[in-house]
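Me: I am new to this structure and would like to go through its charged side chains. Please show it, and then I will ask about them one at a time.

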Amino acid sequence: MRQDTVVRVLLVDDDDEVRAALTEVIEDDPRFEVVAAGRDAPDAVRLAQEHRPDLVLLDVRMPGGGVAAAQALRRDAPDGVLVGVSAHADAATVEQMVRAGVVGFFTKGQLGADLPDKLHLCVRGHVVLAADTAAVALRRVLTSH
């Protein structure tokens, strides 16, 4: 992706207020455009096929599951950038999402004005696991067979 290209984002979260807040924070940054928003894993897959976003921001504990959505999206669009968000950031959850293909993971309690900068890092090829349990999760991924 070129540096000057607007990043097209798909948001998927079953909480209307969270979805609205994320949309506001992301669209306040001129580097991003929210092209669609969904509530569950089937929405994530359908909307990704329809809109071909550059980045998909997935709730982990939405209906149908963030892990299942990430796995389906990884199969359908292997080059897409996937980022997980959750109120639950235990090591097992982070590990499952990394194994499913996310390159970013953020806890909802820590989302703020710097979210667009973190997402932009993910789009540029960085891995950003902003959860207290990320190191444990990453060690599990790297040491398993």
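Me: Is Arg46 buried or partly exposed?
Reply: This is a predicted model. Arg46 has a relative accessible area of 38%. Buried means under 20% and exposed over 50%, so Arg46 is partly exposed.

Me: Which residue forms a salt bridge with Arg46?
Reply: A salt bridge needs a side-chain nitrogen of Lys or Arg within 4 Å of a carboxyl oxygen of Asp or Glu. For Arg46 and Asp43, the closest N and O atoms are 3.1 Å apart. Both lie in helix H2, 3 residues apart, which means about one helical turn between them. The partner is Asp43.

Me: Is Asp43 buried or exposed?
Reply: The relative accessible area of Asp43 is 17%. The limit for buried is under 20%, so Asp43 is buried.

Me: Which helix holds both Arg19 and Asp16?
Reply: The side chains of Arg19 and Asp16 form a salt bridge, with 2.6 Å from N to O. Arg19 counts as buried at 14% relative accessibility, whereas Asp16 counts as partly exposed at 45%. The two are 3 residues apart, about one turn, in helix H1.

Me: How many salt bridges does the count come to?
Reply: Another pair is Lys118 and Asp114, at 3.4 Å from N to O. Salt bridges with shared partners also join Asp13, Asp59 and Lys108 into one network. By the 4 Å rule, the count comes to 11.

Me: In which strand does Glu33 of the negative patch lie?
Reply: Glu33 gathers with Glu24, Glu27 and Asp28 in a patch of negative charge on the surface. Glu33 counts as partly exposed, at 38% relative accessibility. Residues 32-38, with Glu33 among them, form strand S2.

Key
Residues numbered from 1 in each chain as written. Predicted model: local features only at pLDDT ≥ 70, side-chain atom pairs only at ≥ 80, totals over all residues. Heavy atoms only, no water. Patch = residues over 30% accessible without salt bridge, like charges linked within 9 Å, V, L, I, M, F, W, Y side chains within 5 Å. Areas by Shrake-Rupley, 256 points an atom, 1.4 Å probe, with all protein chains shown as cover. Lys, Arg positive; Asp, Glu negative; His and termini not counted. Charge placed at Lys NZ, Arg CZ, Asp CG, Glu CD. Helix = DSSP H or I, 4+ residues; strand = E, 2+ residues; numbered from the N terminus. Buried < 20%, exposed > 50% of the residue type's maximum accessible area, 1.4 Å probe, protein only.
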